[in-house]
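The sequence and structure are shown first.

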Amino acid sequence: MDKMMDNERLAEVLGPVSEAENGRRRQRVRDNLRRTARRAARQIPFMDEVIAAYYCALDDKTPTRVRGVLLAALAYFVLPLDTIPDFLVGFGFTDDVAVLTAALTAIRGHITPAHRKAAREFLDEQD
């Protein structure tokens, strides 16, 4: 685990929230994912899994708890101001990687081939 993101902070970021907050997170992620993914692509080697997690979070078949964890991690990823500002070259996405890794580890079994296919298509549009 990254020294910049301790377990207490991870639990705070990924913890359960209300449906209203999940809705706000969903909108924030939708509005900012493409731009943030483009900026982070070189620094986050598992960007395909991050985008697949996005599609998993949007899938109505995904359990509510899993969707909440994913939306929390993705909202943290797209927010411009977090523990380490994203504009710091070489360090800016360090905390984001910690949050995303924890979330993906917790829910990996819920990401389906259809989510990964949608992620590949999303990333192909980036090029």
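## Cavity

The search finds 1 cavity of 30 Å³ or more. Here a cavity is a set of points, on a 1 Å grid over the protein atoms alone, where a 1.4 Å probe fits but cannot get out; points are joined across faces, edges and corners, and a volume is the space filled by probe spheres set on them. The largest cavity holds about 40 Å³ of space.

Its lining (residues with an atom within 4 Å of a point) consists of Val50, Ala53, Leu70, Ala73, Leu74, Leu100, Ala103 and Leu104. Helices α3, α4 and α5 each give two or more residues to this lining; helices are DSSP runs of H or I with at least four residues, numbered from the N terminus. By class the lining has 8 nonpolar, no polar and no charged residues, where Ala, Val, Leu, Ile, Met, Phe, Trp, Tyr, Cys and Pro count as nonpolar, Asp, Glu, Lys and Arg as charged, and the others, Gly among them, as polar.

## Basis of the model

The model is predicted: local features need pLDDT of at least 70 and side-chain atom pairs pLDDT 80 or more, while totals for chains, interfaces and linings use all residues. Residues are numbered from 1 along each chain as its sequence is written, and side-chain values use heavy atoms, leaving out hydrogens and water.

## Helix α4

Helix α4 (residues 64-78) is largely enclosed by the rest of the structure, because 13 of its 15 residues are buried, that is, under 20% relative accessible area with a 1.4 Å probe and protein chains only.

Technical notes
Buried means under 20% relative accessible area, exposed over 50%, partly exposed in between (1.4 Å probe, protein chains only). On a 1 Å grid over the protein atoms alone, a cavity is a set of points where a 1.4 Å probe fits but cannot get out, and a pocket is an open set with protein on both sides within 12 Å along at least five of seven lines; lining residues have an atom within 4 Å of a point.
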